[in-house]
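Subject: Structure handover

Hello,

Here is the structure we talked about. Please load it first, then read the notes below.

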Amino acid sequence: SRGVFRISRFAWDGLFQHLGAMVAMLEQIQAIVFPAAAVLLLLYPIVLLIGTCIEGWASPYLREQSEGSARVDAKDASPAANKKRARPSGGSAGAFVLNTLYQACRRGAIGVTLLVRFVVFALALAPWFLAIGIRYARDPNIRRGVRVGPKPRNYVDIYIPAGAGKEGAPPVPVVVAVMGGAWVIGHRAWSAALAARLKEAGVMVVAVDYRNWPCAQVDDMLDDVGSAMDWVFANIADLGGDPANVAMVGQSAGAHLSASFLLRRCAMEVQERVAEGKDGWSVRSMKGFIGVSGVYDLSALNSEMDKRGLYPFLPHMCADGDLKRYSPTWLLNDAAPQMAALMPQVRLLHGEADCSAPSSQTTCFAKALRAGGIEVAASDVRPGMRHTEPVVEDPLTGGDMQLEYILPCLMGEEEAKRRLESLPPVWPQAPRFLIDMMRPVMPF
C-alpha cells in the first residue's frame, strides 16, 4: 500500500506539470487583459476538484494502511509474517472501495457547497465590486501593469497619491501589498480597495502580482515577490516614494509569502549570501511588516484542511512536499540573533472566527517571533471576525481596520490618527444589512 501511495503521488505531480504548462499560457493572457479574462482563474478550483477525485479520496486509507504496516513491521520483522500480511484480503479491498466512495461524496459535496456559497456572495455584492473595478480601471493616478521582472506575472500596480513626485514635494511613505488568494487565485488587483484608501491617506502603494499554483511552486512565488521588492527600492524614489519609509502588507496567502520572503532575506543577509545594500536595500531599512489573516504554518493548515474535508494540496506546491521548510513559524526556530536585529517590527491581525486560517496561525507565529527576539508591536485576535472581514466586509461598511494597523507603522500613532480623521468617507459602501446577511455565506 505504501508503494501504491507513492505511485499515486508521483502520477499526480506529473499530471500537474502538464496542467501547469497549459494554465501558464492562460496566465500570460490573463495578465494582459485582466479583468476581462479573470474568468480564466476559475480553472484553478476545477483543477483542485480533479485533484480531490484522483488522490484525495484514496489518500487517507492508503496513509492509514502505510502507518499501520510500519507499526506492525517494527514489532515483527519476520519475512514470513510480512509476506502473509502483504496478501490483501477481501475485507481490506472492500474497505478501500467503501472509503473511496465515502471520500468522493464527502469532498465533492463540500467543494460544491463552498463554490455555491462563494458565487452567491460575489453576486450579492457584485454592484460594489464592480464600482471598485471601474475606479481601478479609470483612475489616472494608478500605473497599471508595470513590469518588474522577466516572468509572466512580474507586474505591479502603483497607486500614486495626489502631488507625489512633483517638484518640491516631499517623498511619501510606501506600502508594498501582497494580497491572498489561497496561492491559487491571487492577483494584484485584489489590493484595489485597500490601495485606493491608502492613496487618499497620502501613502503610495505597490500592489504585487505573483505566479499561482499549479503553474508555480512557493519558491517561484517568493522569487516574484523578491523581484517586486528589488524594483521598489531601485525605482520608487523616481515616482515620489520614500525608500527609507517602506512597509510590507500581506493578507492570507500573501502574508505567508511576505513573511517567508522577509525571513529568508534576513537569513541570506546574515549568511552574507546577499551583501547588505548590494542591490540597493536591506530588510533592516524597512519600517515593518503587517500580516492580516495570515498563514504562517503550512503543516498545521494542511492538517486542518484535511479535517474539514478540503483537498490538502499544500504539499504539491512545496519542493519535496516539505511544508515546514516553507512555514515562517518554523523558519524562526533557527533564527540567529543577527537575524532578529535585521527584521523590522511586526504587526499581526487575525479573526477568532476565521475558519480558513485558524487564529492559532497568528498566535503561534507571534510567540515564535518574540522567542526569536523580533519586535511584535501588535498581535490582535479579534472575537467574531472572519477571514475576509478586514479586506472585504469591513471596507464595504465604511471601516478602516487595515489602515489603523498600517499607518502607525509608517508615521507614528499621532500622525496616523490625524490622517485617519481627515479622510473622506469610504467609497463605495454596501448596505450594512446586506453585509450582515452575506457574512455567514462567505466560505472563507
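Two strands count as paired if DSSP finds at least two bridges between them. The model is predicted, so please read everything here with that in mind.

The sheet. Eight strands form an open sheet with mixed pairing. The order is β1-β2-β4-β3-β5-β6-β7-β8. β1 (142–147) and β8 (376–382) stand at the edges. Each has a single partner strand, so one side of each lacks a neighbour in the sheet. On average, neighbouring strands are turned by 15° against each other, direction ignored. β2 and β4 run antiparallel and are joined by four bridges. Across that pair, Asp157 stands opposite Ala207 in β4.

Helices on the sheet. α8 packs on it and touches β1, β2, β3, β4 and β5. The direction of α8 makes about 160° with that of β5. α9 (residues 253–270) also packs on the sheet, touching β3, β5 and β6 (288–292). For α9, the angle with the direction of β5 is about 130°.

The cores. The largest nonpolar core has 71 residues. Trp183, Met248 and Phe289 have the most contacts inside it. Helix α8 (residues 218–235) gives the most to this core, with nine residues. A second, separate core has 45 residues, including Ala247, Tyr405, Ile406 and Leu407. Back to Met248: leaving out residues up to four places away in sequence, the residues it touches include Val176, Val178, Val225, Met229, Phe261 and Phe289.

Helix α7. Seven of its nine residues are buried. Gly202 follows α7 and has a positive phi, near 85°.

Arg188. This residue sits in the loop between β3 (172–178) and α7 (192–200). Is Arg188 buried or exposed? Its relative accessible area is 5%, under the 20% cut-off, so Arg188 is buried. Its side chain makes a polar contact with the side chain of Asp157, at 3.0 Å.

Best wishes

Conventions:
Residues numbered from 1 in each chain as written. Predicted model: local features only at pLDDT ≥ 70, side-chain atom pairs only at ≥ 80, totals over all residues. Heavy atoms only, no water. Helix = DSSP H or I, 4+ residues; strand = E, 2+ residues; numbered from the N terminus. Buried < 20%, exposed > 50% of the residue type's maximum accessible area, 1.4 Å probe, protein only. Polar contact = N/O pair within 3.5 Å; in protein donor to acceptor, adjacent residues only side chain to side chain. Core = buried A, V, L, I, M, F, W, Y, C linked by side-chain atoms within 4.5 Å. Contact = heavy atoms within 4.5 Å. Axes fitted to C-alpha atoms, helices over the stretch in contact; angles between N-to-C directions.
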